[in-house]
Amino acid sequence: MPLKIFCRVLGLVLCSNALIVYFASHSIRTVVVTTLACSLLLQLAYFVSMLFLIWRSGCDSRAGQRAEHFGSCKEVGSQPPDHDEVTNESADLRQLDQC
């Protein structure tokens with residue numbers, strides 16, 4: 001979100017909060033206190049959301065590293081079996097059938 005839009009929305013929220021509190025209480029002191037409290041609450045919510053996004057980004061990158069590691073392990077272990085092993089197994093089964 002561009003800074004210009006963010007500032008407009010922030011101003012709109014704070015002004016509407018101030019107007020609502022003034023019409024409810026008719027006290028300028030209460031308006032100032034609640035508007036400052038609202039401002040601090042919005043800043044706290046912004047800070048917590050940034051921490052959450054940083055934490056989620058770290059989890060995503062760790063998950064990507066695990067997936068890369070899993071993919072490299074899978075490539076090593078996914079080679080087809082040798083033809084001799086299949087022949088030996090079928091020969092063993094023939095011997096069991098003869099007994």
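**Aromatic pairs**

Reply: Let's start with Tyr46, which counts as partly exposed, its relative accessibility being 48%. The label covers what falls between buried (under 20% relative accessible area) and exposed (over 50%), using a 1.4 Å probe and protein chains only. Before going further, please keep in mind that this is a predicted model: local features need pLDDT of at least 70, side-chain atom pairs count only at pLDDT 80 or more, and totals for chains, interfaces and linings use all residues. Residues are numbered from 1 along each chain as its sequence is written, and side-chain values use heavy atoms, with hydrogens and water left out.

Now to the rings: the structure holds three aromatic pairs. One of them joins Phe6 to Tyr46 in a tilted arrangement, with 6.3 Å from centre to centre and 45° between the planes. This pair bridges distant parts of the chain, since Phe6 sits in helix H1 and Tyr46 in helix H2 (residues 28-77), 40 residues apart. Phe6 is also partly exposed, at a relative accessible area of 36%.

Phe52 and Trp55 make another tilted pair, 5.9 Å centre to centre with 35° between the planes. Both of these residues belong to helix H2 and are three residues apart, about one turn of the helix. Phe52 is partly exposed at 44%, while Trp55, at 52%, counts as exposed. As for the criteria, rings of Phe, Tyr and Trp (its six-membered ring) pair if their centres lie within 6.5 Å; planes under 30 degrees apart count as stacked, over 60 as edge-to-face and the rest as tilted.

Here is the setting for those rings. The protein chain has three helices and zero strands; helices (H or I, at least four residues) and strands (E, at least two) are DSSP runs, numbered from the N terminus. Buried residues make up 8% of the 99 residues in the chain.

Finally, a word on confidence. The mean pLDDT, the predictor's confidence in each residue on a scale from 0 to 100, is 79 for the protein chain, and 66% of its residues reach 70 or more. Where pLDDT is low, the predicted coordinates should not be read in detail.
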